[in-house]
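Hi,

Here is the model I said I'd pass on.

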Amino acid sequence: MNQDIFNPTRVTATVGGKEIIFETGRLANQAHGAVWMQCGGTVVLVTVCSQALEFDKGFFPLTVEYSEKMYAAGRIPGSFFRREIGRPSERETLVSRLIDRPIRPLFPKGLNEDVQVLASVISADQENESDVLALTGASAAVMLSPLPFEGPVAGGRIGRIDGRFVLNPTFEEQARSDLNIVFAASRDALTMVEGEATFVPEDVIIDALEWGRKEIQPLIDAQLKLRELAGKEKMPFTPHQDDPVLVARVQELAREAGLEEAMRVPEKLARKDARKAVKDKVMEALLNDPAWAESDALKEVGEIIGDLEKKIVRARIVNEGVRIDGRDTRTVRPIQIQTSVLPRAHGSAIFRRGETKSLVVTTLGSSTDEQRMDSLSGDVTKRFMLHYNFPPFSVGEVKPVRVSRREIGHGALAEKSLRPVMPADADFPFTVRVVSETVESNGSSSMAAVCGGCLSLMDAGIPISAPVAGVAMGLIKEGDKFIVLTDILGDEDALGDMDFKIAGTAEGVTGVQMDIKITGLTTDIMRQAMQQAHEGRLHILAEMAKALPEPRKELSRYAPQHAEIFVNPDIIRLIIGPGGKNIKAITTATGASVDIEDSGRVSIFAPTADALEKAREMVTYYDQRPELGKNYTAKVKKIMEIGVIVEVLPNVEALVHVSQLDVNRVEQPGDVAHLGEDMVVKVIEINGDRIRASRKAVLLEEQGHPWNPEETARPQRDRGNRGDRGGRRDRGDRGGRGDRR
């Protein structure tokens, strides 16, 4: 391979009006396959390496890791260590799944290699997305490597702006698009779909995917050309062949032991026990047979029985139109719904569909609870989050409890599906977190998270624009014949050819995710799946409406209370106080969180209505305006010859003229007023920012003489006290000593 860094092997392709560059030979030449993918100023380096397995792990150990280097965007990581931390971000995890899902089925079954694909974003221009480059680059890198691979595939993103499809839209274009779908496709068919939409009709999505598949064909051609120029010789690979004699014997024993009957048991756990009983009988018979008792081939028995189970289930669906649990191909499993199940949660719901059951809970918080993330485009915040959990007890297993990639992916799909119906931040300033706990599972638990999540949002009183439901579709394809299954079971997912999740409102689609196990999905299959999904979604929405037809009129009484007030921007510093002293005092006294914007907008989130009112009073205390004729307890701030300056309200000062300090004549203001002491005064004049107050008026009121504004409007010189302009006449209007002229 050419290793001249100034002269790498390069192939280009133009898609969506942009040039995509494939390069190899510049970097990572000791990897088994490496490609430099570039669009504009965004560059992703993708490598693949493999090594032979020492023993069969029982699965294909493919590892895909996508990472974003902060230097790519000229940023320093915000972590404590100032380096990219070991744990991938949520976006990195989701993109890793986007890469893994379309390429995994293209490696041949039985490949005895440990394969690792690494994709690193090393330059980001803040305009062109890196995820679809990484997806296409992964296919290109494997094509260059010695690994057997049924590719290539290519990735793309479809947007729609003003009714026009856009391939690989920029970040700015995505903000204006009502469609955001990432897909992968081969020469002839789709292999993966993931995305969100704003109530887009199914027909539009089908047209978009077919359009996108055709548009990215130059990327397929470019990979084939790059492989021709710089690809390595493919390693020899012979698919594993089971002993035909053993296969026939196992199948005979399994049928005799009742495998077909076991695969008709509708309940999941009972069916699992029945299948295990069949396997145990088969193994017992083989171990008692001298021809097989000592054979190493017995380790293949489980896989042989699994293949037979698949054939039995698929044949029954194709020939009889009857599924494992006895349903036809279009029927949705029975649905049960219960809302407000948790006494102190802000919103909660149990959503049961067949043997899948989710407990979904909604929690409201203030803007300080929003999620903050470090990314190539800067600090990103989220006010709506949905987290999906799949504990091992939900399927009766014992496993370590940790957040898996699958859980992150399913949560992201459910979040995308519900986000379009959430109220705008300006109308609903709360942070919202939805948690879907999968408590029982037999397929379609991610779509249960969507349905249950919608119900819990409505139960919390969040004014969503429309209910959302989701359903998972399956596929059985035998030759040219195909059958689409509505609301698939877990076994139907494992034994079928497709898992196509579609969520949306009655108006249109809001979220989609598709994984297939065959070489591709045609438009006819896609159209049939979309049509059946629409029917299923409307049925589920009708069942949800029976339980909770619309959001509750009020938020839960346990939810945070919220109020917005506007203050003079000049007094924001007073509300905050030195070192945050005042704002801390407010939060300590009330338990409220107070968010202040530079414009003077103050958002208060409090745990109770009483706490909210107290916090409001404490904030507005710093933004009061004096009222004419009202008494105030003021603090003496300054003593002068003409009178004293007092603070009647925070940051609001008034002059108490010497003539207004007492009912009797005052020679020196210091005889009556003392610095730092409180003095009760009445505001007697407001002239713009100039305020005059009177202690004398308060004293007269205490003696039973009502305040007369005319008497205190201005002190009169003929009273013998000091005048307005500085007191004694010999000082003149300038306030100096004598007339000076």
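Predicted model: local features only at pLDDT ≥ 70, side-chain atom pairs only at ≥ 80, totals over all residues.

Helices and strands here are DSSP runs (H or I of at least four residues for helices, E of at least two for strands), numbered from the N terminus.

Residues are numbered from 1 along each chain as its sequence is written, and side-chain values use heavy atoms, with hydrogens and water left out.

Back to Thr339. With a relative accessibility of 18%, Thr339 counts as buried, because buried means under 20% relative accessible area (exposed is over 50%, partly exposed is in between; 1.4 Å probe, protein chains only). Leaving aside neighbours within four places in sequence, Thr339 is in contact with Ser348, Ala349, Asp459, Leu548 and Arg552; contact means heavy atoms within 4.5 Å. With Arg552 there is also a side-chain to side-chain polar contact of 3.3 Å. A polar contact is a pair of N or O atoms within 3.5 Å; within protein, one must be able to donate a hydrogen and the other to accept it, and residues adjacent in sequence count only if both atoms are side-chain atoms.

Next, the annotated spot. An unreviewed UniProt entry places the feature "binding site" at Asp493 and Asp499; the positions are in the numbering used here, feature names are shortened, and annotations may be inferred rather than shown by experiment. Asp493 is in helix H12 (residues 490-495) and is partly exposed, at 25% relative accessible area. Asp499 belongs to strand S20 (residues 498-504) and is buried, at 11%. Not counting residues up to four places away in sequence, Asp499 touches Asp493, Ile488 and Asp515, among others. Asp493, on the same terms, is in contact with Ile488, Asp499 and Lys517. The side chain of Asp499 also makes a polar contact with that of Lys501, at 2.6 Å.

Now the sheets. Two strands pair if DSSP finds at least two bridges between them. One closed barrel has 5 strands, running S25-S26-S27-S29-S28 with mixed pairing. Its neighbouring strands are turned by 55° against each other on average, direction ignored. Axes are lines fitted to C-alpha atoms, for helices over the stretch in contact, and angles run from 0 to 180 degrees between N-to-C directions. Strands S26 (residues 643-649) and S27 (residues 652-657) run antiparallel and are joined by 6 bridges; Val646 has Ala654 in S27 as its bridge partner. Helix H17 (residues 695-702) lies across S25, S27, S28 and S29, at about 115° to S28.

There is also an open sheet of 3 strands, ordered S22-S24-S23, with antiparallel pairing. Its edge strands are S22 (561-566) and S23 (593-596), each pairing on one side only.

Last one: helix H2 (residues 131-144) is mostly covered, with 14 of its 14 residues buried.

Cheers
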